[in-house]
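Trainee: I'd like to go through how the labels on this one get assigned. Can you take me through them, definitions and all?

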Amino acid sequence: MIRVLTGRVIDGNGGSPIEKGCVVTEDERIVFVGEEAAIPAEYAGAERISAENGSILPGLIEAHVHLSWAGANSINWINFTPQMEMARALRDMAYLRNEGYTAVRDMGSGCVFLKECLREGLIDTPRIFAAGRILSQIGGHGDAYQKITLEASEKVYGPAFLVTGVDEVRKACRINFRNGADFVKIMTTGGVFSQGDRAGEICHFSRDEIRAAVEEAENHGTYVASHAQANKGIRTALENGVKCIEHGFYLDDYCIDLMIKNDCWLVPTLSIMHTSKVYNESNPNVLPELREKTLRSYEAHYRSLDKAHKAGVKIGMGCDFVNDSALGCTYDKANMEFERMSAAGFSPMEIIRSVTKTNSEIILMQDRVGTLEAGKLADVILVEGNPLDDIKIMCDADNVKTVLQDGRIVKDIRSEKRA
Ligand SMILES: [Zn+2]
């Protein structure tokens with residue numbers, strides 16, 4: 001089936017838009033991108049979908065989610081039954097698709113098992129690029145320590161493997177790959193929410209353990225991403241072959257140089273820090289030290305991102321999740337990351353390039369998705385208005401009128417406007 005989409009084309013590469021453009025799709029592929037006036041004759045009579053005064057973009061890619069965790073906390077997420085976890089993941093992906101996301105990178109959850117369901121056609125969701133279970137050290141960010149016993153923390157099918165030593169690291173990586181994982185996620189520092197984490201110059205995992213994860217990932221043709229906030233944990237990860245830094249609160253010039261030299265990505269996840277700050281400021285029950293840690297991290301995070309941005313580090317885009325449903329923030333608000341990136345000084349075009357092209361590189365699918373080009377898969381969205389004039393229109397899912405994935409229309413609310 002051939003479809004002709006007309007409107008302002010923003011192709012994801014970062015160049016000037018085509019104001020009166022068109023994208024032609026045939027079955028699951030894009031076959032033409034250019035001026036509407038230059039449309040090849042053979043497509044002229046095909047079904048047309050007009051964005052009217054709106055814009056045509058590549059399908060969005062979310063580079064940091066934990067499907068099923070939104071609205072959970074560190075104790076109830078380890079208690080989910082697999083059925084509950086999968087049901088929540090499907091709900092999350094329905095939200096994400098409604099916002100225009102046609103692919104997600106899952107940074108640790110059981111939803112790696114949904115990939116096979118997708119392949120079999122049992123479910124219809126965005127593309128999934130998944131880590132499987134995270135690798136954490138005992139007492140690390142993936143260990144619900146100080147809340148449950150170590151035995152319970154190790155046994156439960158929680159979000160993380162608690163591993164010690166090179167052999168256990170290798171085994172956990174291989175189990176993940178066996179289960180269909182696409183990359184490896186480790187945690188080389190604690191986090192804002194892990195109670196009892198020592199702030200400051202910490203690093204989790206030894207160099208040998210990090211190197212073992214990197215070797216296993218590279219043997220599998222992929223890479224390691226690390227949850228890394230404190231400088232020492234970021235530095236050690238980068239020095240030992242980690243390719244993608246998540247959060248990155250305390251980047252210094254040395255880390256930034258290494259990231260550029262090693263062609264690494266940074267996924268800052270501004271939304272989770274923003275909502276945490278708002279929550280911690282307004283909730284009187286938050287421990288004073290946690291409130292102070294959040295504020296300190298928040299400020300360091302923006303300084304760090306600004307340095308990386310100015311230095312030309314490749315920056316992807318993902319919201320992470322928020323672990324308190326009182327904030328009302330599940331993945332139906334993933335698109336708030338557009339506003340946060342704008343507040344951090346990124347131009348609308350830079351933001352669009354991050355959430356499309358750069359994120360397609362991060363999910364290792366840059367040959368298939370991420371930009372509007374003939375030959376790529378037809379993951380395309382039609383948006384009301386011009387996000388180059390006001391990027392905040394992307395924060396309202398009602399402005400995402402039509403979503404195509406693999407050339408199939410998976411969302412279409414244009415008729416609601418006419419009716
Ligand atoms: Zn995360």
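Trainee: Where does C244 sit, and what makes that stretch a strand?

Mentor: C244 belongs to strand 12, residues 244–247. Strands here are DSSP runs of E with at least two residues, helices are runs of H or I with at least four, and both are numbered from the N terminus. This is a predicted model, where local features need pLDDT of at least 70, side-chain atom pairs count only at pLDDT 80 or more, and totals for chains, interfaces and linings use all residues. Residues are numbered from 1 along each chain as its sequence is written, and side-chain values use heavy atoms, with hydrogens and water left out.

Trainee: Which residues does C244 touch?

Mentor: Leaving out residues up to four places away in sequence, C244 touches R105, Y223, V224, A225, S226, W265 and V267. Contact means heavy atoms within 4.5 Å.

Trainee: What does helix 6 pack against?

Mentor: Its buried residues pack against helix 5 (207–219), strand 11 (224–228), strand 12 and helix 7 (253–261). Those buried residues are N231, G233, I234, T236, A237 and L238, in a helix covering 231–239. Just after helix 6, G241 takes a positive phi of about 100°.

Trainee: How do you know that E62 has no salt bridge?

Mentor: A salt bridge needs a side-chain nitrogen of Lys or Arg within 4 Å of a carboxyl oxygen of Asp or Glu. For charge, Lys and Arg count as positive and Asp and Glu as negative, while His and the chain ends are not counted. The nearest side chain of opposite charge to E62 is R105, 7.5 Å away, and E62 is buried without a salt bridge.

Trainee: Which backbone nitrogens does the E62 side chain reach?

Mentor: That of H64 at 2.9 Å, and that of C319 at 2.8 Å. E62 itself is in strand 5, residues 60–65.

Trainee: Zooming out, how many helices and strands does the protein chain have, and why is the chain called as compact as a globular protein of its length?

Mentor: The protein chain has 12 helices and 17 strands. Its radius of gyration is 21 Å, close to the 22 Å that the globule rule gives for 419 residues, so the chain is as compact as a globular protein of that length. The radius is taken over C-alpha atoms, and the rule is 2.2 Å times the number of residues to the power 0.38.

Methods: Buried < 20%, exposed > 50% of the residue type's maximum accessible area, 1.4 Å probe, protein only. Polar contact = N/O pair within 3.5 Å; in protein donor to acceptor, adjacent residues only side chain to side chain.
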